[in-house]
Amino acid sequence: MAHLHFNFNIRMPSLLLIKHIGSFIQLSLFLSTDAATKFLSTMATINADLGKELQKTQGSVDPLPNTEKTAEESTDTTSSAEYTVPDILSPLKFSIFELAHRVVLAPVTRCRALNNVPQPAHVTFYSQRTTKGGFLISEAAAVCREGIGFPNSPGIFLEEQVEGWRKVVDAVHEKGGIIFCQLWHVGRASHSVYQPDGGAPVSSTDKPIVDGWTILMEDGNRGAYSKPRALETSEIPGIVNQFRLAARNAMAAGFDGVEIHSAHGYLVDQFLKDGINDRTDEYGGSIENRCRFALEILEAVTAEIGGCRTAIRLSPIIDHMGASDSNPVALGLYMVEQLNKLKEPLAYLHITEPRFTREGLKGEDEAEDEDEKTKKRKLCSMLRQNFQGAFMSSGGFNKDTAIAAIRSGKADMISFGRLFISNPDLPRRFAMQLKLSKYDRSTFYSSEQVKGYTDYPSFTSPRQAQFPVFSPSNSFNSSSPTTSSFSPSNSFKASSFSPSNSFKSSPPGPSPFSPANSFNSSSSTTSSSLPPTTSSSLPPK
């Protein structure tokens, strides 16, 4: 009997192959050398085929499949048409950043920052929602004590707050993500209980928020907003400086940039909208005057950290907390015109779509001129066409409407709030057409550090990942899930976070946080008599 020697230096990707190998061992004692060799060749072919199938399966389990092209593939122009139409999961380069996809975590207030300081739960929450090459915007951080208007909402004006945020940023960077800090001052959207010494909130006006709007109090109950005090003209430079110092502190915490919250009825928006702003000085009256405050903040912040790390959020049509304007189209277009004229281009412009109000889906005014209705419907597209930079949209989007916006060119990125709250792995679920988890609205503004915050599950089953179930009920008006399925040709292998993209390595940079750099210790550019103001945010979108 011939003695056969075999070297099984072959990976076993399947139980099926192991079964064949077992059969081969049993038969080898009775086969000739030629027959055994032929059988072994057949086994190698089976091994190769099963190996390819395993690679496909493993690729489908990966949240964002790695399809980095080789040098040979990169020179192939036969399939270039596949890259002409961007998708929600397509890569994007904007400013100095590269994204692996365009699914952005929107800034959502969650009231988990005990004593206004980010907690370990924040580290978990943001880390859970980070993907390699993904983009996140933090919940709004108050630029000063007077800018707080929610219980346990974070600030970024004290050293301990900066240290808390640094842990969040480190966790995001460790997973290869990019994160901006949203900066805000809520102005009249506050209450005296949140103000130092129980003072009145400040605003562009002394008119309080009325018409049924209520504020969340520290005890969890709802109450009426306090009557604000109109800022003196001489106090406004102090507020501008607070934003500048907050941007410096954000850089000290390691953030990649900041977004100035100028929307939804908070302080900056209270200056922009003539439904609130009733001033008679250089910050009120004409559109030019009402936009002055926002533009001064942008000039100060970009001078501090650079335009490439600065963004702004606007909502010209949104009437949240009485923030209405008599001509939102003209207001929006003027702001975009001025943004284009800034000395340094901004990283992006973030616009809230006019889809929702406090009562739900926004209806049209039947008495309004048809031409005006058309302009309002098309305002976001007009802003997109006129703004010379990256454009982000938010406001009730789902996967299908987000894909439509990206493919049509109406936006470069889409930010998701509520869907991202309940689906930490939202980009992956979009890519694999997986069922979305429902959110629990009752936990949005709780101080619970786990429930409704970090306990939403990520999809973890590789077996189920091979057979995903897409539910149209979880995708607003989703009728054709297959049209938005993830295509490897659209994926992008983003490089991990690089120090070259970190503010700390950018020459020159602001010095780290120190009490001497905080607003409270500034003397020449701030006002010690500045009245308190607070902050509050839209329900997560």
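In which helix is Arg 407 found? Arg 407 lies in helix α13, where helices (H or I, at least four residues) and strands (E, at least two) are DSSP runs numbered from the N terminus. The model is predicted, so local features need pLDDT of at least 70 and side-chain atom pairs count only at pLDDT 80 or more, while totals for chains, interfaces and linings use all residues. Residues are numbered from 1 along each chain as its sequence is written, and side-chain values use heavy atoms, with hydrogens and water left out.

**Arg 407 and its partner**

- A salt bridge joins the side chains of Asp 87 and Arg 407, at 3.0 Å from N to O; the term denotes a side-chain nitrogen of Lys or Arg within 4 Å of a carboxyl oxygen of Asp or Glu.
- This pair links distant parts of the chain, 320 residues apart: Asp 87 is in the loop between α3 (71–74) and β1 (92–94), and Arg 407 is in helix α13 (residues 399–408).
- The side chains of Arg 407 and Asp 87 also make a polar contact at 3.0 Å, that is, a pair of N or O atoms within 3.5 Å; within protein, one must be able to donate a hydrogen and the other to accept it, and residues adjacent in sequence count only if both atoms are side-chain atoms.
- Asp 87 is buried, at 4% relative accessibility, whereas Arg 407 is partly exposed, at 40%; buried means under 20% relative accessible area, exposed over 50%, and partly exposed in between (1.4 Å probe, protein chains only).
- From C-alpha to C-alpha, Arg 407 and Ile 88 are 8.2 Å apart in space, although 319 residues separate them in sequence.

**Other salt bridges**

- Side chains of opposite charge can pair when their charged atoms come close.
- The structure holds 13 salt bridges.
- Lys 273 and Asp 269 meet through their side chains in one of them, at 3.2 Å from N to O; Lys 273 is buried with a relative accessible area of 1%, and Asp 269 is buried with a value of 1%.
- Asp 281 forms a salt bridge with Arg 279, with the closest N and O atoms 2.8 Å apart; Asp 281 is buried at 16% relative accessibility, and Arg 279 is buried at 10%.
- A network of salt bridges links Arg 244, Arg 248 and Glu 304.

**Cysteines**

- The count of disulfides is zero, a disulfide being a pair of cysteine sulfur atoms within 2.5 Å.
- Cys 308 is partly exposed, with a relative accessible area of 26%, while Cys 380 is buried at 9% relative accessibility.
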